[in-house]
Amino acid sequence: MLTPAFELSQDPDFLTVAIRVPYARASEFDVYFEGADFKFYAKPYFLRLTLPGRVVENGSEQGSYDADKGIFTIRLPKETPGEHFEGLNMLTALLAPRKPRTARPLVEEMGASEEVVEDDDGEFDWEIEQTPYEEVPEGTLSPQCGYGFGNSRAGVVRRLQDELSDVIDVKDPDSTPAAVRRQKRLAAELAKFDPDHYLADFFEDEAVEQILKYNPWWNDPYSEMMACLGKSRQPESHAALVSFSEEEKYQLRKFVNKSFLLDKRARRQVCYGLIDILLAYCYETRVTEGERNVESSWNLRKLSATLCWFETWNDIHEILVSFGRRVLCYPLYRHFKLVTKAYRDVIKILQLGKSAVLKCLLDIHKIFQENDPAYILNDLYISDYCVWIQKAKSKKLSALAEALREVSLTKGQLGLELEELEAAALLVQEEEAAGNAARSPSDSGGSGSSDSEDSASEQDEQAERQRAPGDSPRGPFLESGAPLPAGGEAGLGSTVGQGALLAAPQEPARRRPLIEELGDHLRTTLQISTSQGADARSHCRTQDGDGQATPGTDSGRAFFAGS
């Protein structure tokens, strides 16, 4: 027998069941309904449902068949007109489990305590009994430690060590108690934290701000829900705000419907683990903007200590601290604003009800199913969560959302010294800015004086060029711009006095012979002296004691000829 695709809807008086049975004979089908039971048969399809409310056969029931689409549509009158049936999109929960073939139950609970009974109608107490931590000697560790959904699994990792080594960070969880796992997790996070990466995202947060502006799929239903609450205050209509795709409905039909025997502590761990997994999902959805990639599976399991370290929790604040630390240690974008944004997103999802939570879990299940090593996490956690959430009471999720809203998280609580790190970085930044501001006026002033000096030198050169060749106050010898010999003009020697140089302009015809005569009779020596980083300066010293040129006076001749 094949289980057909089906969908349920309702109005105040009728429950409508649409069943897709392609290639079935419309003339050969059977329908049975009474109370909460519904059965449909059309070879080779068979469907049996446990309805969330009671229906009655009173002659107003209707049925039709669309041959083109292959869909049977059956309208069943409600036993109580106006009653709202909850959870019509929880397809796995609607599929009735098989009844045992024997009269006695297959599993009997011997001496079960009252804690095992689900107190769905009572207020859920989120406080947990806490016992002081005791150091456990390594030789007395328990051979098996629970993990998985409700901490109900053990021995799985030992059998699948090769496959799970790339999926989880905890080593040998079957012999590692929860307290030791936490110690190792905290140490691994401290070793992984990179201050440079964190400060880079803290100061250059353009990409982070863009991520924060993204509008995920749960924002629109949440806005509609708040608008609905403001008008009619009818919470029963919120489930219709979240719809499932055909692919998601197919996923729901594939799950095995089963019941979970969970005591009070196990139920609390299930709820806490759900918050941790949803936090990782909200972060992943934002940073990828809903477009999954090859890193999506890694992000989900790395940010959730429940999935990566098989962590167990004592309160909600521990979950937020763990998630905040892991966001700032592992993924590409490490900013505290992303932690607080994911926290608010999870509150919205929980307030939307179990339809929104189930949609998130189905998305996670699909991501892990498509990743070769991570699919084992579906068997340990996600598949059971998908079945369990369909049977959970909506008011439990509302209580969980309210408990989460009352918890706050600060940077100082993460244990990574973020506030001190940011203060030191801001101080360095201010000092650099002050240093740059102090250097700017001197640089601008120096450049201004340099520009004025350059302009003044250009004016002097222009004035020099405008003078007549014989108008130079220094005479033709200095008119060329050649440097003066050491000692000024008087340093030229006794044979050539200042009068001779000043008289030269009145005798232009004798200018070159005078220069040549000086070059022949003067002996110059160029000395370079360097002291204390001062610039090198050239000195020409004339030595004309007897008026005879000595060997090596070619340098003096070249000096004057160059002039």
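Trainee: Leaving aside its neighbours within four places in sequence, which residues is Phe 38 in contact with?

Mentor: The model is predicted. Phe 38 is listed with Ile 19 and Trp 388 as having the most contacts inside the largest nonpolar core. With neighbours within four places in sequence left aside, the residues in contact with Phe 38 are Val 17, Ile 19, Val 31, Tyr 32, Phe 33, Leu 47, Arg 48, Leu 49, Leu 51, Ile 74 and Leu 76.

Trainee: Which strands are the edge strands of the open sheet?

Mentor: The sheet has four strands in the order 1-2-6-5, with antiparallel pairing. An edge strand pairs on one side only, which holds for strand 1 (5-10) and strand 5 (62-66).

Trainee: What is the bridge partner of Thr 16 in strand 6?

Mentor: Strand 2 (residues 14-20) pairs with strand 6 (residues 71-77) in the antiparallel sense, over seven bridges. Within strand 6, the partner of Thr 16 is Arg 75.

Trainee: At what angle do the axes of helix 9 and helix 10 cross?

Mentor: Residues of helix 9, including Tyr 281 and Val 287, meet residues of helix 10, among them Leu 300 and Leu 303. By class, this contact has six nonpolar, two polar and two charged residues. The crossing is right-handed. The two axes come within 8 Å, and their crossing angle is roughly 145°.

Conventions:
Residues numbered from 1 in each chain as written. Predicted model: local features only at pLDDT ≥ 70, side-chain atom pairs only at ≥ 80, totals over all residues. Heavy atoms only, no water. Core = buried A, V, L, I, M, F, W, Y, C linked by side-chain atoms within 4.5 Å. Buried < 20%, exposed > 50% of the residue type's maximum accessible area, 1.4 Å probe, protein only. Contact = heavy atoms within 4.5 Å. Pairing = 2+ DSSP bridges. Helix = DSSP H or I, 4+ residues; strand = E, 2+ residues; numbered from the N terminus. Axes fitted to C-alpha atoms, helices over the stretch in contact; angles between N-to-C directions. Left-handed = near helix turned anticlockwise from the far one by under 90°. Nonpolar A, V, L, I, M, F, W, Y, C, P; charged D, E, K, R; others polar.
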